[in-house]
Amino acid sequence: MPDRKCSFKISLAESEDKLIETVSNLLRRCSEQAKDRKATFSIGLSGGSLVQLLTKALRKSTLDTSNWEFFFCDERYVADDHSDSTFCAYRTEWLSQLPSILDSQFVKADTTKLLEECAADYEARVKVKLGNSHSVPQFDLLLLGMGPDGHTCSLFPEQPATLEETSRLVIPIRNSPKPPPERITFTLPLINNARDVAFVVTGASKSDVVKRVFVDQDKQFPAAWVDPTNGQLTLIVDAGAGSQIIS
Ligand SMILES: O=C1O[C@H](COP(=O)(O)O)[C@@H](O)[C@H](O)[C@H]1O
């Protein structure tokens, strides 16, 4: 098996309840560690299936989220109230289910700007919020999903040049193979500078790609490029997604 720079842990959950508990425990550990360092806990969110799972994990936990700041690892380039918007998905869920989380805790992209500007502006917002002491800001935690094609954030296998980005931390995406076609996404320098990065992947249809990404580390899949330089990588899977990695 190829080497990783980071420490890597797999959590296989036998039921949805166990998976949600595992995500809650991760949130507790990372937010408590952040408390020792600074006033806020910075967490980058992904969309898709993670929205429901994270909502359940936060509801189950008794965590005080008042000092948490929620960013978006990728965002679809649509209006804030569009059904494809990841911000809209979280806001809609959390308004009713987690009303203590305020709109002001979301650091979201301004999708009224032109796509290029939207990406550059979001990078600037991340830098301002997380401080400029490091040339690449450091998130406390990034929660990532992975598609059946091995994409993560909006880094797709059909667009390998996006994996070579070394200077920009947030880039525009055009012609995304998965709709909607226009998006913005964190790039590898920002992702791999996080303290903790966790993939949450569910469903038997992803079992093959889970093995190819996390066991074989097959670099044709963008998710296989996630390897936090000084951080912890965690894979949280259910029995379906993890069925080919159980030894
Ligand atoms: O389009 C996206 O897909 C991925 C994976 O979504 P899932 O529903 O298969 O979990 C998601 O992580 C990303 O944020 C989103 O923009």
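Keep in mind that the model is predicted. The ligand takes up the space of the largest pocket, and the protein also holds one cavity of 30 Å³ or more.

**Around the ligand**
- There are 14 residues around the ligand, and G47, S49, D74, K178 and K206 come nearest.
- Sorted by class, this shell has seven polar, five charged and two nonpolar residues.

- D74 brings a polar side-chain atom to 2.6 Å from a ligand oxygen.
- K178 also uses its side chain, with a polar atom sitting 2.9 Å from an oxygen atom of the ligand.
- With G47 it's the backbone that takes part: one of its polar backbone atoms is 2.8 Å from an oxygen of the ligand.
- As for cover, the ligand on its own has 400 Å² of accessible area, and the protein covers 92% of that.

**The cavity**
- How much space lies in the largest cavity? It comes to about 30 Å³.
- Its lining runs through E75, R76, V78, D80, S85, F87, K108, A109 and T111.
- Four of the lining residues are charged, three are nonpolar and two are polar.

Technical notes: Residues are numbered from 1 along each chain as its sequence is written. This is a predicted model: local features need pLDDT of at least 70, side-chain atom pairs count only at pLDDT 80 or more; totals for chains, interfaces and linings use all residues. Side-chain values use heavy atoms; hydrogens and water are left out. On a 1 Å grid over the protein atoms alone, a cavity is a set of points where a 1.4 Å probe fits but cannot get out, and a pocket is an open set with protein on both sides within 12 Å along at least five of seven lines; lining residues have an atom within 4 Å of a point. Grid points are joined across faces, edges and corners, and a volume is the space filled by probe spheres set on the points. Ala, Val, Leu, Ile, Met, Phe, Trp, Tyr, Cys and Pro count as nonpolar, Asp, Glu, Lys and Arg as charged, and the others, Gly among them, as polar. A residue is near a molecule or strand if one of its heavy atoms lies within 4 Å of it. A polar contact is a pair of N or O atoms within 3.5 Å; within protein, one must be able to donate a hydrogen and the other to accept it, and residues adjacent in sequence count only if both atoms are side-chain atoms. Accessible areas come from the Shrake-Rupley method with a 1.4 Å probe; for residues, only the protein chains shown count as cover. A molecule sits in a cavity or pocket if more than half of its atoms lie within 2 Å of its grid points.
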